[in-house]
Amino acid sequence: MGMMSCFPTLNGIAKDAGMSLAVPILSYPTFRNNNEKDVEKYTMLFHIPGNGVSKVRPVLAKKRSSVRVETLPPMTVYTRSFSGYATEGTWRNEQQKLATDLRSEGKSFSRQFGASYNPPWQLVNRHNEMWLLKND
């Protein structure tokens, strides 16, 4: 989902802040006109551990990067794990499989996230997860 193109920038920001990137790296789609078949863009979320946010903010200000700090609230997600190098189609298929399983059990969910645990250049022995946010 585009991690290879933004990885050098984000890795550079992390190094300038004196830290390394942590996993998982999350991504979520934004759809045009609420049409799940028409993805406008993907947003990628990189975990900043501990007090790292205070180290990253000055680096972002200096670089004038399009990268921004966003805090996710605590959440409960349904998860489906899978291996391999995930393409946009793979993410979509895994989301559909998880959604079908949850609907058959009468479970309610909303927002989706893809979780990647490996760097983009690692082609084998990859671990990925599809997350669907549990509705309260």
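User: Where is Lys55 found?

Analyst: Lys55 is found in helix α2. Keep in mind that this is a predicted model.

User: Is Lys55 buried, partly exposed or exposed?

Analyst: Partly exposed, because its relative accessibility is 39%. Buried means under 20%, and exposed means over 50%.

User: Which distance can I read between Lys55 and Asp16?

Analyst: Their C-alpha atoms are separated by 8.8 Å. Along the chain, Lys55 and Asp16 are 39 residues apart.

User: Which elements have the lowest and the highest mean pLDDT?

Analyst: Helix α1 has the lowest, at 67. Strand β3, residues 77–83, has the highest, at 97.

User: Now the aromatic rings. How is a pair of rings described?

Analyst: By two values: the distance of the centres and the angle of the planes. A search of this whole structure finds three aromatic pairs. Tyr28 and Phe113 form an edge-to-face pair. Their centres are 5.8 Å apart, with 75° between the planes.

User: Why does the pair of Tyr28 and Phe113 tie together parts that are apart in sequence?

Analyst: Tyr28 lies in strand β1, residues 22–31, and Phe113 lies in strand β4, residues 109–116, so the pair joins parts that are 85 residues apart in sequence.

User: Are Tyr28 and Phe113 buried or exposed?

Analyst: Both Tyr28 and Phe113 are buried.

User: What pair do Phe82 and Trp91 form?

Analyst: An aromatic pair that is edge-to-face. The distance is 5.2 Å centre to centre, and the planes make an angle of 80°. Phe82 counts as buried, because its relative accessibility is 9%. Trp91 is buried too, with a relative accessible area of 5%.

User: Which residues form one aromatic cluster?

Analyst: Tyr28, Phe113 and Trp131 form one cluster.

User: Which residue lies over the face of Tyr28?

Analyst: Arg111 does, at 4.3 Å from the ring centre.

User: On to empty space. What shows where it is left?

Analyst: Rolling a probe the size of a water molecule over the atoms shows it. In this structure, the largest pocket has a volume of about 840 Å³.

User: How many residues line the largest pocket, and which lie nearest its centre?

Analyst: The lining has 30 residues. Met44, Leu45, Phe46, Arg68 and Glu70 lie nearest the centre of the pocket.

User: Which elements give two or more residues to the lining of the largest pocket?

Analyst: They are α1 (3–16), β1, β2 (39–47) and α2 (52–63). The largest share comes from β2, with seven residues.

User: How do the lining residues divide into nonpolar, polar and charged?

Analyst: The lining of the largest pocket has 21 nonpolar residues, six polar and three charged.

User: Let us look at single residues again. Where is the place of Met130, and is Met130 buried or exposed?

Analyst: Met130 is in strand β5, residues 127–134. Met130 is buried, because its relative accessible area is 1%. The C-alpha atoms of Met130 and Thr79 are separated by 5.6 Å. Those two residues are 51 residues apart along the chain.

User: What can I read for Ala99?

Analyst: Ala99 lies in helix α3. Ala99 counts as buried, at 1% relative accessibility. From Ala99 to Gln112, the distance is 9.9 Å, C-alpha to C-alpha. In sequence, Ala99 and Gln112 are 13 residues apart.

User: Where is Gly106 found, and is Gly106 buried or exposed?

Analyst: Gly106 is found in the loop between α3 (88–104) and β4. Gly106 is exposed, because its relative accessible area is 65%. The C-alpha atoms of Gly106 and Phe31 are separated by 25 Å. Along the chain, Gly106 and Phe31 are 75 residues apart.

User: What is phi of Asn125?

Analyst: Phi of Asn125 is near 55°. That is a positive value in a residue other than glycine. Asn125 has its place in the loop between β4 and β5. Asn125 is exposed, with a relative accessible area of 71%.

Conventions: Residues are numbered from 1 along each chain as its sequence is written. This is a predicted model: local features need pLDDT of at least 70, side-chain atom pairs count only at pLDDT 80 or more; totals for chains, interfaces and linings use all residues. Side-chain values use heavy atoms; hydrogens and water are left out. Rings of Phe, Tyr and Trp (its six-membered ring) pair if their centres lie within 6.5 Å; planes under 30 degrees apart count as stacked, over 60 as edge-to-face and the rest as tilted. Helices (H or I, at least four residues) and strands (E, at least two) are DSSP runs, numbered from the N terminus. Buried means under 20% relative accessible area, exposed over 50%, partly exposed in between (1.4 Å probe, protein chains only). A charge sits over a ring if NZ of Lys or CZ of Arg is within 6 Å of the ring centre and within 35 degrees of the ring normal. On a 1 Å grid over the protein atoms alone, a cavity is a set of points where a 1.4 Å probe fits but cannot get out, and a pocket is an open set with protein on both sides within 12 Å along at least five of seven lines; lining residues have an atom within 4 Å of a point. Grid points are joined across faces, edges and corners, and a volume is the space filled by probe spheres set on the points. Ala, Val, Leu, Ile, Met, Phe, Trp, Tyr, Cys and Pro count as nonpolar, Asp, Glu, Lys and Arg as charged, and the others, Gly among them, as polar. pLDDT is the predictor's confidence in each residue, from 0 to 100.
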